[in-house]
Amino acid sequence: GREKGRRRRRCRCRYHQHLSPPSPQNAPTLTITAHPGPQNVEMMLDRQELLGSLEAKTSDLQEMAGIVRQKARRLRRWHLMNQVKWGVAIGTLVTASVAIPIAVIAAA
């Protein structure tokens, strides 16, 4: 445990300095303008347009990922069934090639 009287050392990294409350001498100032300028409105509209295009690309990408996942599942099943089919065929051939000579020898 922690000893009494020992203080915890504060981290001085940029992340934790940002989380600590601002001191009065470097407190942030907030300036409020009555009306946004036409340049700001233009920037906001451009940003909204970019966000809309990004959202469309994201939904397309999600749809394509679903299709890829579906095709991968189908391919995996096909390979598994192909493996089973060949395993049964080769197993049957091996069993027959061993069982027939044994049956012939036993009958003789």
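## Terms and overall picture

In this report, a charged surface patch consists of residues with over 30% relative accessible area and no salt bridge, in which like charges are joined within 9 Å. The structure described here is a predicted model.

The secondary structure of the protein consists of two helices and zero strands. The protein has 108 residues, of which 0% count as buried. Its exposed surface comes to about 11400 Å², and carbon and sulfur atoms supply 61% of that area.

## Helix α2

Helix α2 covers residues 38–107, a run of 70 residues.

## A patch of positive charge

Four residues, R69, R73, R76 and R77, gather on the surface in a patch of positive charge. One of them, R76, has its place in helix α2. Exposed means over 50% relative accessible area; R76 reaches 57% and therefore counts as exposed.

## A nonpolar patch

The surface also carries a nonpolar patch, formed by W86, I90, V94, V98 and I102. Together these residues have about 510 Å² of accessible area.

Because its relative accessible area is 53%, I102 is exposed.

Technical notes. Residues are numbered from 1 along each chain as its sequence is written. This is a predicted model: local features need pLDDT of at least 70, side-chain atom pairs count only at pLDDT 80 or more; totals for chains, interfaces and linings use all residues. Side-chain values use heavy atoms; hydrogens and water are left out. Helices (H or I, at least four residues) and strands (E, at least two) are DSSP runs, numbered from the N terminus. Buried means under 20% relative accessible area, exposed over 50%, partly exposed in between (1.4 Å probe, protein chains only). Accessible areas come from the Shrake-Rupley method with a 1.4 Å probe; for residues, only the protein chains shown count as cover. The expected span of a helix is 1.5 Å times one less than its number of residues. Patches are made of residues with over 30% relative accessible area and no salt bridge: like charges are joined within 9 Å, nonpolar side chains (Val, Leu, Ile, Met, Phe, Trp, Tyr) within 5 Å. A salt bridge is a side-chain nitrogen of Lys or Arg within 4 Å of a carboxyl oxygen of Asp or Glu. Lys and Arg count as positive and Asp and Glu as negative; His and the chain ends are not counted. The place of a charge is taken as NZ of Lys, CZ of Arg, CG of Asp or CD of Glu.
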